[in-house]
Amino acid sequence: MRRSVVLPSLGLLLLACSTNALNSAFDKETLGMQVMLTNWNSNESIHTLITEIENQIPMNTSRECKTAVHQWVFDLMMKKPYSLKMVDAFGKLPSGVGLGHILIFGDFDQCLGVRNVTGTGEPVSNYCLARMRHPGVARAGLPVLPAYGVCLPLACANQNDTNAFVTGLFRPLKAAEELEAINSVCVFKVARDAGFYVMVAIISLILATVAAAIVVDLIYRRRYEEGNHAVLNGTDQSLELPQVTGTKVVSHGNGTTLTTHNFESKQVITKSKYGYANVPMFLKPLLCWNFMTNLRSIFASGNEGDISFLHGFRVLSMWWIILGHTYYFGRNFFENTLTFYGDVRTAMFQIVLNAGYAVDSFFLLSGLLISYVLLRDLQKNNGRLNWALVYFHRWWRLTPVYLYVMMMYVYILPHGFQSPFKLLIAQEGAPTEYCKSYWWSNMLYINNFFPLFKKIQCMNWTWFLALDMQFFLITPILVFILYKSRVAGMAIIGVIITACIATTMGIIGYYGLPIHFWQEEYYNATETGYHKDIDYIYEKPYTRITPFVIGVLLGYIFVTKEAHKFAGNSRLMGLVGWAVCTAIAIPLIFGFHFNEWYIEKPPQRMTIGGRVVYGGIQRLGWSLVVGWVLFACQYGYAGPVRRFLGSRFWRPLSNLTYGAYLVHMLTLQLYFASQRHMVYYSPLNMTAIFLSQLVLAYLVALKLAVFIEVPLLRLERLLIRKSL
């Protein structure tokens with residue numbers, strides 16, 4: 001039997017057609033399993049066939065693998081169903097290779113579902129994924145190596161045998177002589193280590209605590225009348241209360257006046273609230289996990305002194321971040337990558353491309369709120385501040401929830417799914433494994449500095465939290481200086497902004513950096529010391545602090561300046577402010593499109609001088625845009641914008657912002673990495689994915705808030721203020 005007929009009997013041709021992506025000619029002799037079976041001469045000795053196959057199996061496969069392949073091919077000749085299913089599960093040439101469809105997975109689930117013929121139901125095959133290396137791929141400049149999925153006997157399901165088998169599988173094709181399979185990974189079961197069982201214990205403890213809180217709540221909860229806090233009998237109370245219906249002032253000649261009131265008895269339905277009576281001290285911490293109380297606090301209308309329009313602004317900024325991450329992370333999974341990069345050049349896509357500005361919006365909001373709260377506390381307490389409590393509250397507000405999500409990410413999420421993409425991720429190095437080495441840098445909020453290389457950061461989207469905490473460390477001091485001396489405080493803020501801009505410009509100029517982080521994978525600079533896996537400006541405090549300190553200044557203005565101070569020329573000031581705001585925002589968001597600075601092109605298309613200026617002032621410009629919007633809302637220049645942002649609809653979503661930020665990348669990774677095939681990119685498809693991820697992220701954040709975030713804040717209040 002001819003060599004080119006036997007090898008396709010293993011399904012090679014059904015896979016090997018993928019060499020068209022390397023501009024190879026189609027080998028008409030490799031017609032696949034069906035042709036092989038049709039042309040099989042029943043008079044030939046099966047021993048001759050096996051001898052031929054034995055000669056073709058790569059000599060560097062293990063003895064066990066060779067034996068398993070012999071049996072598999074023998075059963076294939078006998079047309080046994082399990083052997084046919086294995087061949088059918090091999091990857092086959094897809095359409096759209098020219099558009100970037102170079103990850104050829106085959107049928108993942110069918111391969112894992114193949115069972116033996118003895119009736120025991122045990123699996124006989126495993127799914128393996130190999131990367132294909134070829135000089136033509138290197139010359140094409142593809143960002144990733146093509147991948148190829150095969151369904152092999154269990155004895156061959158290891159890296160060495162899979163590499164050898166797949167390499168040998170393609171050898172008969174003339175254009176595949178230099179094709180080599182590397183970095184093969186087969187489906188593996190994630191071991192349940194100690195961390196997994198610790199997380200199961202923690203989750204069980206939380207659920208048990210919630211159940212206990214419900215019992216305590218049912219026993220000790222009482223209803224009381226709003227106003228006098230008298231414990232009532234559990235029903236709304238109808239009270240006859242005297243109501244003032246009129247007032248009469250009588251003047252007397254001696255200079256005295258007498259004020260008289262007319263009273264009318266009127267029935268008033270008083271609203272009642274729930275409270276607790278005689279709860280033992282040791283049971284009070286349990287009530288912090290009262291499910292319904294925590295849920296009501298998330299949907300509460302708000303507290304006195306809240307700046308209502310910030311809620312809408314915070315939520316929309318969070319949505320913008322999720323939108324940007326959906327595209328940025330999802331682009332690794334698109335089968336029509338070239339179509340995607342064609343859309344990147346459109347004007348509307350610049351909104352997605354510049355979602356990073358939403359991070360600057362968050363920095364500004366953070367600075368504003370911290371400054372606003374601290375200044376009001378200083379005013380209330382005559383310039384005194386409990387410094388230890390300020391720092392502890394910030395740490396307590398962020399860290400326990402952060403640690404819980406990290407542990408879920410590391411010890412629970414890997415057990416949640418299996419897929420070809422999970423194998424691809426394992427080939428590059430599982431991100432969850434990095435957390436086991438560098439979790440401490442996240443807990444110390446220095447993960448934007450350590451580890452040095454971005455690819456091995458733990459939860460690499462949480463660099464924002466590191467920066468926010470680093471900014472917070474200096475904020476109470478800066479606010480205290482502002483409180484004591486406005487001139488000194490503003491001078492320090494001015495120096496910080498100037499130093500930040502100068503530092504950013506200097507780093508961009510020295511390394512010749514691109515101004516957009518999407519360009520980094522296309523940037524092969526030769527400047528001194530540059531390494532594209534090291535972050536230089538995007539995650540560093542000395543290049544990102546400008547929006548934060550502008551927010552601190554804005555918070556100072558909100559506390560110290562009444563609305564009437566700016567009411568003199570309100571119409572003119574509003575028109576000028578919005579005009580300037582628009583004039584700055586449009587170039588920042590759409591400047592790439594107008595100047596054809598496309599992200600998939602080398603950054604050198606923009607001169608080094610242009611990159612220095614643009615990169616240095618872009619965050620200052622965006623801070624001025626956001627600062628004006630918030631200033632206008634506070635002082636009456638925003639009209640419908642304030643009404644929209646101040647809607648009560650936003651508040652519950654705003655309360656879930658921190659949780660949504662922590663978990664949205666987990667839900668995105670879970671969705672994309674669990675796919676069995678590459679995702680077809682289209683604006684409509686991506687809109688559906690974005691909206692579904694938005695809902696999913698907030699649902700997970702709601703659970704996180706009810707069971708972890710809010711209870712811990714209530715526990716802090718109980719311990720410090722002795723109140724729930």
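A residue is called buried when its relative accessible area is under 20%, exposed when that area is over 50%, and partly exposed in between (1.4 Å probe, protein chains only). By this criterion cysteine 633, at 1% relative accessibility, counts as buried. Cysteine 581 is likewise buried, with a relative accessible area of 8%. The structure is a predicted model, in which local features need pLDDT of at least 70 and side-chain atom pairs count only at pLDDT 80 or more, while totals for chains, interfaces and linings use all residues. Residues are numbered from 1 along each chain as its sequence is written, and side-chain values use heavy atoms, with hydrogens and water left out.

The chain has 724 residues, of which 49% are buried. Its secondary structure consists of 29 helices and eight strands, where helices (H or I, at least four residues) and strands (E, at least two) are DSSP runs numbered from the N terminus. The accessible surface of the chain comes to about 34,800 Å², as computed by the Shrake-Rupley method with a 1.4 Å probe, only the protein chains shown counting as cover for residues. Carbon and sulfur atoms account for 61% of this surface. Contacts were defined as heavy atoms within 4.5 Å. Among contacts between residues at least 6 apart in sequence, 76% join residues at least 24 apart.

Strand β3 comprises residues 147-153. Seven of its seven residues are buried, so the strand is largely enclosed by the rest of the structure. Two strands are taken to pair if DSSP finds at least two bridges between them. On this basis β3 pairs with strand β1 (residues 103-104) in the parallel sense over two bridges, and with strand β2 (residues 125-133) in the antiparallel sense over seven bridges. Tyrosine 148 of β3 takes part in both pairings: isoleucine 104 stands opposite tyrosine 148, and tyrosine 148 is also the bridge partner of alanine 130.

Disulfides were assigned to pairs of cysteine sulfur atoms within 2.5 Å, and the count by this rule comes to four. With bonded cysteines counted along the chain, the disulfides follow the pattern 1-5, 2-4, 3-6, 7-8.

The sulfur atoms of cysteine 111 and cysteine 151 are 2.2 Å apart and form a disulfide. This pair links distant parts of the chain, with cysteine 111 in helix α7 (residues 108-112) and cysteine 151 in strand β3, 40 residues apart. The torsion about the S-S bond of cysteine 111 and cysteine 151 is about 90 degrees, so the disulfide is right-handed. Both cysteine 111 and cysteine 151 are buried.

A further disulfide is formed by cysteine 128 and cysteine 186, with their sulfur atoms 2.0 Å apart. Cysteine 128 lies in strand β2 and cysteine 186 in strand β4 (residues 180-186), and the pair links distant parts of the chain, 58 residues apart. With 100 degrees about the S-S bond, the link of cysteine 128 and cysteine 186 is right-handed. Cysteine 128 and cysteine 186 are both buried.

Cysteine 435 and cysteine 458 also form a disulfide, at a sulfur separation of 2.0 Å. Cysteine 435 belongs to helix α19 (residues 431-443) and cysteine 458 to the loop between α19 and α20 (463-484), so the pair ties together parts that are 23 residues apart in sequence. The link of cysteine 435 and cysteine 458 is right-handed, with 90 degrees about the S-S bond. Cysteine 435 is buried, as is cysteine 458.

Asparagine 163 is placed in helix α9 (residues 159-170). At 15% relative accessibility, asparagine 163 counts as buried. Apart from neighbours within four places in sequence, asparagine 163 is in contact with Ala181, Ile182, Asn183 and Ser184.

Helix α25 spans residues 608-634. The expected span of a helix is 1.5 Å times one less than its number of residues. Of the 27 residues of α25, 19 are buried, so the helix is largely enclosed by the rest of the structure. Just after α25, glycine 636 takes a positive phi of about 90 degrees.
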